[in-house]
Amino acid sequence: MEFLQAQLPRYLDGAWITIQLTLGGAILAFVLAMLFGIMGTARFWILRAITTVYVEVFRGIAALVVMFWFVFAIPDMSGYELDPMFAAILALGLNVGAYGAEVVRAALNAVPRAQVEATIALNLSWFQRMRLVVLPQAWAQMLPTFGNLIIELMKATAVVYLVGILDLTAVAREVRTGTGETIAAFGIAFVLYYLIAQVLIFGMRLLERRANARLGRTPPSGGGLMNLLRPPSVGTRVGVAK
Amino acid sequence: MSPSDTPENTTAPGGGNSGEAPAEGPLIVFDQVVKRFGDLTVLDHLDFSVAHGERVTLIGPSGSGKTTILRLLMTLEKVTEGHIWIDGEPFSHMPRGNGLVPAGETYLRMKRKRIGMVFQQFNLFPNMSVRKNIMEAPVHVLGVSKDEAAQKAEELLDLVGLGDKIDAHPTQLSGGQQQRVAIARALAMSPEILLLDEVTSALDPELVTGVLDVLREVAENTDITMLCVTHEMGFARDVSHRVLMFDQGRIAEEGHPDQIFGDPRQERTKSFLKSVLENGH
């Protein structure tokens with residue numbers, strides 16, 4: 001208990017860094033995923049080709065290598081030093097964004113052709129079709145996978161101690177070296193990672209539920225908050241009148 | 001409009017873009033239109049025209065090309081050969097230099113403003129309320145104010161008998177109700193040409209009447225030109241000025257509904273009508 005009291009502030013500092021990396025990486029990944037995912041469904045082959053190159057390059061390279069590149073190689077080449085936090089967010093965002101772009105592309109392509117035809121019959125422009133019809137419908141489909149990706153992203157932040165960032169994992173390692181309390185040192189990190197993940201999962205399920213409600217799908221067992229602790233059943237449709 | 005107003009099969013304006021169409025010329029002209037999907041020829045050098053305000057029903061066995069005609073007019077498909085003209089102006093193609101080239105997206109957006117379509121599967125947007133389904137296109141495409149669009153949505157929903165469903169979600173409606181909302185949505189864009197693609201085929205029999213009643217009302221009270229693909233022969237007889245019987249991508253027979261249904265001349269038409277009647281439509 002004394003150990004916990006003494007070390008907790010350091011852990012919370014580390015956890016805060018982990019949260020910042022996760023949220024920063026997620027925002028960047030989201031923007032990239034949307035941008036490249038939408039480009040991946042474009043009519044012009046050049047836009048689709050750009051998406052393919054981005055996805056294949058950043059999906060194929062470990063985020064850690066990209067991070068090393070930003071933190072060590074680029075300063076060597078150009079003389080500019082990147083802030084390690086910024087470099088880490090960039091590397092994580094580029095990596096997870098590549099996975100996300102594929103999720104977005106698949107979700108957009110899964111919107112029924114008939115929906116697109118209805119927008120043509122109403123003479124909507126490409127942009128209006130995307131904004132009013134296709135993206136809102138694809139959104140519900142993207143969210144479950146986005147939920148997995150943000151958890152993956154959060155766990156992937158654990159490598160940033162290798163570029164000198166004092167995240168949750170780095171704190172745990174330091175505490176262990178400093179105190180010799182291996183079990184407690186990693187036990188606390190274990191619990192904190194778990195708590196962060198639970199908050200993220202909870203938030204994603206809330207978003208999912210809202211997205212499904214907008215499409216007229218309601219969870220079969222009602223909408224109580226406790227239901228968010230269970231995984232939602234995707235695509236359940238009830239209450240369709242005949 | 002009496003059936004005698006129906007124009008004869010007007011010769012379509014040939015290639016080139018010279019010479020202005022007469023003011024009272026046909027509204028829609030198919031000029032030697034060919035549509036192929038791979039090796040399959042769906043429309044085979046088709047010529048036909050539709051007058052302003054005319055209501056034409058297209059009948060024929062499935063695969064005879066009727067739906068393809070509507071889809072070409074809605075620009076959901078492109079012609080393989082030939083041209084489509086609307087009001088004397090090229091529609092499937094656009095003028096460039098001295099000739100015509102396949103129409104680009106910008107040109108199509110300008111031209112298809114006049115055309116609306118109702119689909120077999122309704123295709124309402126599940127991410128919007130009934131109100132939004134009807135309002136969004138007038139607001140975003142025509143630039144109508146939100147208040148005006150909302151008021152029009154209410155009027156149209158009253159017209160189709162669903163005034164109380166304005167805040168409902170499409171999934172809360174029956175198929176027949178969804179289709180009536182889809183009709184209201186198409187009408188909200190004030191189309192001059194309305195395309196109806198087997199609009200009752202996906203409905204349970206007891207819901208068909210409500211949808212057809214709405215369309216009868218639209219036919220009676222507006223001068224919208226209608227092209228209608230249907231197996232509802234009674235409806236076709238009531239509302240259309242002319243019936244076209246399609247077979248294998250060509251018009252097998254055409255005429256006034258009383259003649260086509262009462263005294264079909266072609267064997268193909270007779271056997272088709274017989275099979276439809278036997279299937280209980």
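**A chat about the two chains**

A: Let's start with a charged pair: B:Arg71 and A:Glu117 form a salt bridge, with their closest N and O atoms 2.6 Å apart. Keep in mind that this is a predicted model.

Q: Good to know. How many salt bridges are counted between chain B and chain A?
A: The count there is one.

Q: How much area is buried between chain B and chain A?
A: About 2400 Å², and carbon and sulfur atoms give 55% of that. Within chain B, the residues losing the most area to chain A are B:Phe125, B:Asn127 and B:Thr171, which together make up 24% of what that side buries. As for contacts, 30 residues of chain B meet 27 residues of chain A.

Q: Switching topic: what is the strand order in the open sheet of chain B?
A: The four strands run in the order β2-β1-β4-β5, with antiparallel pairing. Strands β2 (40-50) and β5 (89-90) of chain B stand at the edges with a single partner strand each, so one side of each has no neighbour in the sheet.

Q: Which helix packs on that sheet?
A: That is helix α1 (residues 66-73) of chain B, which touches β1, β2 and β4 of chain B. Its direction makes about 110° with that of β1(B).

Q: How many bridges join β1 to β4 in chain B?
A: Five bridges join them, between β1 (residues 28-37) and β4 (residues 81-86), and the two strands run antiparallel. To pick out one, B:Val29 has B:Trp85 in β4(B) as its bridge partner.

Q: Back to salt bridges, how many are there over all chains?
A: The count comes to 22. One within chain B is formed by B:Arg131 and B:Asp167, whose closest N and O atoms are 2.7 Å apart.

Q: Why does that pair tie together separate parts of chain B?
A: Because B:Arg131 lies in helix α3 of chain B, while B:Asp167 is in the loop between α4 (146-159) and α5 (175-187), the pair links parts 36 residues apart in sequence.

Conventions. Residues numbered from 1 in each chain as written. Chains lettered and ligands numbered in written order. Predicted model: local features only at pLDDT ≥ 70, side-chain atom pairs only at ≥ 80, totals over all residues. Heavy atoms only, no water. Pairing = 2+ DSSP bridges. Contact = heavy atoms within 4.5 Å. Axes fitted to C-alpha atoms, helices over the stretch in contact; angles between N-to-C directions. Buried area = accessible area lost by both parts, 1.4 Å probe. Salt bridge = Lys/Arg side-chain N within 4 Å of Asp/Glu carboxyl O.
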